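Here is a short report on one protein chain. Look through the sequence and the 3D structure before reading on.

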Amino acid sequence: MSAVNNTKFNSAVFLLTGFPGEEDVHLWISIPFCLMYVISIVGNSVILFIIKTDPSLHEPMYIFFSMLAITDLVLSISTMPTTLGIFLFNSREISLNACFAQLFVIHLLQCIESSVLLLMSFDRFIAIRNPLRYASILTLPRIGKMGLVCVLRGVAVNLPLPFLLQEFQYCQSNVLSHCYCINQDVMKMACSDIRVNSIYGLSVALLTVGLDSLLIFLSYVMILKTVLSITTQVECLRALNTCISHICAVLLFYMPMIGLSMIHRFGEGSSHLLQILLGYVYLLIPPLMNPIVYSVKSKHLCERIIRVFINCFWEAP
């Protein structure tokens with residue numbers, strides 16, 4: 001297997017990483033990973049099917065949730081081949097073109113998911129602050145335009161990343177830190193000056209994920225201010241209860257992402273195992289947990305899921 005020695009991107013490969021030194025048990029490690037991917041893909045697919053087929057769920061909150069489910073579903077599908085390829089077949093090689101394509105998709109989906117979480121916080125703010133105008137403000141055409149803006153913003157800011165990386169020569173170690181490609185990891189392999197790429201990547205992160213997280217925080221400050229003005233404690237708790245699932249989704253998304261980004265940019269002496277584990281949490285946990293969190297917290301959605309599985313069970317031959 002040849003190393004990447006001062007070669008251009010179209011003739012080189014990177015090596016993805018599973019758990020270094022644990023290759024003998026990779027097959028056993030693949031079992032929980034397979035289960036997580038199956039649960040993520042099936043869970044998000046079921047959520048999308050139920051929301052699409054049940055007219056009573058064609059409300060802003062559930063439409064935003066379906067956007068989140070689509071993003072998580074595509075993210076799981078885009079990373080599953082490389083992740084399971086390592087653990088099941090020890091297939092570590094990935095061409096640079098495939099790596100650049102994968103990192104573009106991953107960063108695009110993370111940007112879209114951040115935007116959707118911001119829209120969901122706006123949804124909760126309107127529902128609590130101005131419930132009488134909720135339906136007139138968040139109409140279906142307006143929600144569709146919001147979703148389109150999220151996608152276009154993600155494409156616009158992340159499209160330059162693979163093109164910037166293609167201009168580099170790669171003469172450092174060709175072993176990546178994760179079982180998938182991300183910009184912070186790949187650009188470290190370059191022997192060229194990466195300052196432009198590093199500054200651009202950091203700027204994109206601050207202007208998308210950073211700005212979104214700040215606006216989500218401000219929206220919850222306004223929500224808390226509104227909730228505290230409610231006279232009865234029962235209504236106050238009921239209003240806060242509608243936000244719990246969204247708060248969980250925000251924490252599941254932003255905490256691993258911020259941690260992984262900080263380690264890649266500033267954690268030179270950090271544990272390699274911590275970097276690998278945080279990379280798996282960043283990639284697998286949000287798509288796995290979001291359907292579970294929202295299903296548990298939404299009584300109507302939970303009832304529909306149970307009904308679908310009961311019908312499938314009784315209709316099975």
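Start with what a patch is: residues with over 30% relative accessible area and no salt bridge, where like charges are joined within 9 Å and nonpolar side chains (Val, Leu, Ile, Met, Phe, Trp, Tyr) within 5 Å. Accessible areas come from the Shrake-Rupley method with a 1.4 Å probe, and for residues only the protein chains shown count as cover. This is a predicted model: local features need pLDDT of at least 70, side-chain atom pairs count only at pLDDT 80 or more, and totals for chains, interfaces and linings use all residues. Residues are numbered from 1 along each chain as its sequence is written, and side-chain values use heavy atoms, with hydrogens and water left out.

**The chain as a whole**

The chain has 12 helices and 2 strands. Helices (H or I, at least four residues) and strands (E, at least two) are DSSP runs, numbered from the N terminus. Read from the N terminus, the order of elements is β-α-α-β-α-α-α-α-α-α-α-α-α-α. The radius of gyration is 21 Å, close to the 20 Å that the globule rule gives for 317 residues, so the chain is as compact as a globular protein of that length. That radius is taken over C-alpha atoms, and the globule rule is 2.2 Å times the number of residues to the power 0.38. Along the principal axes, the C-alpha atoms fill a box of roughly 65 × 55 × 35 Å. Of the 317 residues, 48% count as buried. Buried means under 20% relative accessible area, exposed means over 50%, and partly exposed lies in between (1.4 Å probe, protein chains only).

**Annotated spans**

An unreviewed UniProt entry carries the annotation "transmembrane region" for residues 25-51, 63-88, 100-122, 143-165, 199-223, 244-267 and 273-294. UniProt positions are given in the numbering used here, feature names are shortened, and annotations may be inferred rather than shown by experiment. Take residues 100-122: this span is 100% helix and 0% strand, and its end C-alpha atoms lie 33 Å apart. Residues 199-223 are also 100% helix and 0% strand, with end C-alpha atoms 34 Å apart.

**A nonpolar patch**

Which residues form a nonpolar patch on the surface? They are Val25, Trp28, Ile31, Leu35, Ile39, Ile292 and Val296, with about 690 Å² of accessible area together. Helix H1 (26-53) and helix H11 (272-297) each supply at least two residues of the patch. H1 gives the largest share, 4 residues. Leu35 lies in H1.

**Cysteines**

A disulfide is a covalent bond between the sulfur atoms of two cysteines. Here the cut-off is a pair of cysteine sulfur atoms within 2.5 Å. The whole structure holds 1 disulfide. Cys99 and Cys181 form it, with their sulfur atoms 2.0 Å apart. The pair links distant parts of the chain, 82 residues apart: Cys99 is in helix H3 (residues 96-129), and Cys181 is in the loop between helix H6 (160-166) and helix H7 (183-186). The torsion about the S-S bond of Cys99 and Cys181 is about -120°, so the disulfide is left-handed. Cys99 is buried at 0% relative accessibility, and Cys181 is buried at 0% as well. Cys111 is in no disulfide; the nearest cysteine sulfur, that of Cys150, is 8.3 Å away. Cys111 is buried at 3%, and Cys150 is buried at 7%.

**Salt bridges**

How many salt bridges does a search of the whole structure find? It finds 3 salt bridges. A salt bridge is a side-chain nitrogen of Lys or Arg within 4 Å of a carboxyl oxygen of Asp or Glu.

| Pair | N to O distance |
|---|---|
| Arg304 and Asp54 | 2.7 Å |
| Arg124 and Asp123 | 2.9 Å |
| Asp212 and Arg153 | 2.6 Å |

Arg304 lies in helix H12 (residues 299-315) and Asp54 in the loop between H1 and helix H2 (60-89), so this pair ties together parts that are 250 residues apart in sequence. Arg304 is buried at 12% relative accessibility, and Asp54 is buried at 8%. Arg124 is buried at 8%, and Asp123 is buried at 2%. Asp212 is buried at 2%, whereas Arg153 is partly exposed at 24%.
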